[in-house]
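I opened the model today to look up a few things. These are my entries, in the order I made them.

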Amino acid sequence: MRDKYDFEIKYRDQILKCSRCGFCQAVCPVYGSTLRPACNARGKMLILKEVMDGHIDLNDELIDTLFQCTTCANCYQNCPSGVNVPEIIKQVRKDMVHIGSCHPAFTGMNEVLQAHDNIYAEDEPEDFERERNKQARYVYFIGCVGGYREDESTLATLDLLDRLSVDYTLIDEVCCSGVLEDVGFQINPRLVQLNIERILTTGAEAVITGCPYCFRTFNNKEQYAPLKEKGVSIIHISQFLKNVAMDVTTDLRVTYHDPCDLGRHCGIYEEPRGTIRKIAPNFVEMRHHHADALCCGAGGGVRGAFAKNSIAMARRRLEEAEEIEADVVLTECNSCVHNLSNAKLRKQKFKVCTTTAFINELMDER
Amino acid sequence: MEDRIKEALKEIVGADNYTEQLIDMVSYSYDASEHHHRPTCGVWATTVEQISRILEMANRERIPVIPRGAGTGLSGMAVPARGGIVLDLNHMNRILQISIEDRLAIVQPGVVYADLERALAQHGFFFPPDPASGKVATLGGNVATNAGGVKGAKYGTTRDYVLGLQVVLPDGRVMRTGSHAMKSVSGYDLTRLFVGSEGTLGVVTEIILKINPKPTATSTSMATFDNLEDAGRAVSQIMHSGIIPSVLEILGRDTIRAINQNTDLNLPEVDAMLLAETDGYTQAETEYQMSKIMDIFRDNHPQQVQQAQSEAEAASLWKARKSAYAVLARIKTHFVLEDVTVPIGNVAALLKGVEEIAARHEIQIATFGHAGDGNLHPQILYDGYDPAEVKKMEAATADLFRLAIDLKGTLTGEHGIGLAKAPYMTLEHDAAAMEAMRNIKKLFDPNNILNPGKMALEG
Ligand SMILES: Cc1cc2nc3c(=O)[nH]c(=O)nc-3n(C[C@H](O)[C@H](O)[C@H](O)COP(=O)(O)OP(=O)(O)OC[C@H]3O[C@@H](n4cnc5c(N)ncnc54)[C@H](O)[C@@H]3O)c2cc1C
Ligand code: SF4
Ligand code: SF4
């Protein structure tokens with residue numbers, strides 16, 4: 001008899017409670033773009049049930065489904081049996097890595113973060129023409145995607161913060177490394193330590209994150225607990241902007257894409273909408289919104305490991321924007337902006353950007 | 001399976017649409033029942049020509065083919081009991097035509113129920129069967145299982161809406177049944193023969209569905225009864241009243257208790273709760289119907305009668321019924337969801353009988369279902385890893401089927417026979433009927449390649 005895997009010890013009952021109703025098939029972005037039932041939550045739970053029953057063992061043959069999950073939690077949201085699939089998947093990935101079975105893109109991500117300070121292994125950080133590591137009331141924490149891939153978006157956000165006279169500073173930030181926990185590895189203590197030190201040095205009372213994923217990591221991962229213990233609160237930019245008066249408006253038809261990390265994972269749905277409604281009276285929801293929102297396809301390491309399907313997931317999301325004839329798709333996550341923009345077809349004339357970047361643009365035009 | 005057959009399949013559907021990967025084989029072993037068996041391979045077919053060629057070859061080579069929709073069946077219907085080729089139809093998912101003036105929709109089998117519902121809603125129309133699995137189940141699956149739903153009492157089941165089909169027969173021939181017309185008495189009703197045939201006679205590749213205008217107004221009410229007989233009498237009197245509710249649902253005591261233990265709904269712990277909905281095109285019309293139903297509730301010693309005054313209130317009344325399945329699904333590691341159906345006048349007797357069976361076998365059975373058409377869902381909860389509990393579940397199931405037949409009912413009102421109820425077919429059908437069914441199977445599928453091992457057709 002083999003030793004029990006950690007996923008069995010922690011989640012056996014939950015996995016067995018999957019009644020195979022298949023309801024998750026209707027909402028799983030991976031299924032939606034592949035029509036391959038082995039890849040939806042039921043397919044994943046069945047594999048794990050067969051592993052527990054001793055019919056199969058964890059091995060490379062399972063990578064296509066167990067590593068192809070954006071951890072969007074839409075299945076969990078809709079599961080009559082309450083099976084928390086994303087949490088189970090994260091644990092299984094650790095078991096897989098432990099026995100030496102892992103998607104190369106995920107192994108690569110861990111190696112990069114051992115040697116570098118961000119997931120793109122970029123050694124020259126963009127300085128955003130701003131002084132760093134000042135004493136300030138707030139730290140604005142950009143996140144890797146905003147820092148290295150969507151830098152224009154970040155620059156616009158910083159311009160907006162300046163316009164609003166927010167007393168903030170950037171820091172020499174490093175990857176929060178929370179994503180490693182999702183792809184089979186452990187959060188990186190070296191990076192955690194650097195972030196905590198650099199945040200505390202500024203004397204800030206709060207960290208404003210541009211990235212919903214960093215927001216989750218700082219809030220939920222025990223390694224980052226020292227921040228809260230030192231009285232530093234963590235807020236997402238959408239929460240920060242909630243009570244700020246914006247004296248710009250637009251007639252454009254605007255919609256909002258809920259990032260999974262902010263919506264389903266943190267329950268933040270209304271703050272972004274409150275802000276958007278103030279500036280865009282012509283606000284419309286897409287077919288799936290709030291807790292039912294479709295995933296953009298980028299999360300859980302899927303963009304790196306299954307790029308083609310990741311783009312296909314983003315296309316499905318954008319079809320919903322097209323359906324309601326939106327002019328602008330706003331979201332609160334640079335990773336979503338990145339994937340959705342990459343997936344956008346030439347015929348799709350709407351623009352995709354963060355709320356902050358959009359507001360800044362309206363102010364520019366004024 | 002020989003390599004040359006695998007190669008031939010790849011040639012037919014394209015290498016990308018063929019799989020024998022472990023993850024797919026595991027996933028295609030199951031449906032929503034407790035049954036499972038591995039297939040040899042799977043194909044994602046996209047055209048009727050491909051399906052015709054696959055069947056033609058499988059028939060020649062005597063290889064089982066199992067048509068598959070969303071795999072939400074509850075009786076092992078899509079489980080490849082003899083291995084073979086899983087024919088996944090989800091890639092054939094186009095709505096081909098919606099013709100409001102002809103009152104019909106033509107769809108491919110892989111269209112998900114909810115997608116058709118959404119497309120029809122734009123025209124103010126709907127396809128009424130409304131199975132609870134409609135967000136995910138396919139119309140091909142609905143046809144092959146004759147799916148029904150909460151609106152069965154007033155609107156019937158899938159069978160009442162299928163005007164015609166395109167079917168690929170096991171030897172590869174493509175057959176059309178029925179017509180585009182609202183009615184037809186032209187020859188034997190082959191369409192109805194295929195509806196509910198559980199993929200054992202042919203593969204449905206196109207469906208012509210009758211559609212209805214969607215009522216725009218509803219009224220909703222709820223009543224609780226300390227005494228099961230009172231609830232049963234209320235149901236019978238509603239039937240006498242001339243009003244046909246669009247929905248009439250019942251929750252039994254064990255279901256109510258389970259809901260209370262697992263949610264904060266705080267329902268009164270009574271013998272039975274009835275939920276009624278009436279529908280129409282004006283509020284006055286639905287209110288009139290509802291007032292008659294509520295009079296009947298009041299005549300039968302209810303503990304409480306309540307009418308929803310707004311959509312939000314209606315939703316909150318429905319919460320108990322809607323949460324039943326999810327609550328019960330979480331209690332034990334395993335459950336079977338039965339769907340025995342009896343004449344409407346026997347609903348109370350069925351509920352009482354189920355309670356007795358549960359007590360006799362010391363097993364938890366919670367019942368809810370469609371009082372309006374006599375279709376109840378006793379959900380038997382057990383631990384599938386405990387052999388003693390499995391035995392109790394099996395004994396209780398057998399008793400339940402006998403009870404339904406004794407009450408002049410049927411083994412299954414919605415979920416089908418598949419593997420789960422195959423051993424009980426002879427309980428309901430006499431020798432002549434069984435022989436007729438087996439002969440029909442032989443006529444269409446002499447080599448028994450289509451979904452073999454189901455519905456006791458081999459006896
Ligand atoms: C939570 C839950 C609730 C449910 N509620 C209801 C309900 O309210 N009412 C109800 O009636 N059922 C209900 N069901 C059962 C199930 O959803 C229905 O039987 C549904 O019609 C099956 O559709 P499917 O696409 O999942 O078919 P599958 O399960 O994939 O297949 C079912 C059968 O149909 C055959 N089949 C599928 N497609 C074709 C085709 N194109 N040609 C020939 N044969 C085909 C298969 O071979 C199999 O025998 C429920 C199930 C669950 C899990
Ligand atoms: S919705 Fe939940 S219970 Fe149903 S198949 Fe998916 S994971 Fe299993
Ligand atoms: S978390 Fe999202 S991607 Fe992963 S199985 Fe669930 S629905 Fe699919």
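**Entry 1: a pocket**

I began with the lining of the second largest pocket, where α17(A) gives the largest share, five residues. The model is predicted, so I note its limits: local features need pLDDT of at least 70, side-chain atom pairs count only at pLDDT 80 or more, and totals for chains, interfaces and linings use all residues. Residues are numbered from 1 along each chain as its sequence is written, chains are lettered from A and ligands numbered from 1 in the order in which they are written, and side-chain values use heavy atoms, with hydrogens and water left out.

I looked up the volume of the second largest pocket, which is about 960 Å³. Of its 31 lining residues, the closest to the centre are Ala26(A), Arg287(A), Arg316(A), Asp115(B) and Arg118(B). Two or more lining residues come from each of α2 (29-34), α5 (74-78) and α17 (307-323) of chain A, and from α4 (113-121) of chain B. I sorted the lining by class and got 13 nonpolar, nine polar and nine charged residues.

For the record, a pocket is an open set of points on a 1 Å grid over the protein atoms alone, where a 1.4 Å probe fits and protein lies on both sides within 12 Å along at least five of seven lines; lining residues have an atom within 4 Å of a point. The volume is the space filled by probe spheres set on the points, which are joined across faces, edges and corners. Helices (H or I, at least four residues) and strands (E, at least two) are DSSP runs, numbered from the N terminus. Ala, Val, Leu, Ile, Met, Phe, Trp, Tyr, Cys and Pro count as nonpolar, Asp, Glu, Lys and Arg as charged, and the others, Gly among them, as polar.

**Entry 2: salt bridges**

I found 49 salt bridges over all chains (a side-chain nitrogen of Lys or Arg within 4 Å of a carboxyl oxygen of Asp or Glu). I looked at Glu181(A) and Lys94(A), whose side chains meet at 2.5 Å, N to O. Glu181(A) is in helix α10 (residues 179-182) and Lys94(A) in helix α6 (residues 85-98), both of chain A, so the pair ties together parts 87 residues apart in sequence. Both residues are buried (under 20% relative accessible area; exposed is over 50%, partly exposed in between, with a 1.4 Å probe and protein chains only).

Glu249(B) is buried at 1% relative accessibility, and Arg321(B) is buried at 12%. Salt bridges with shared partners also join Arg36(A), Asp64(A) and Asp24(B) into one network.

**Entry 3: a helix in chain A**

Among the buried ones are Phe358(A), Ile359(A), Leu362(A) and Met363(A). The buried residues of α19(A) pack against elements including α9, α15 (270-279) and β7 (351-354) of chain A (contact is heavy atoms within 4.5 Å).

**Entry 4: ligand 3**

I listed the residues around ligand 3, among them Cys28(A), Lys44(A), Cys69(A), Cys72(A) and Cys75(A) (near means a heavy atom within 4 Å). The shell divides into eight nonpolar, two polar and one charged residue.
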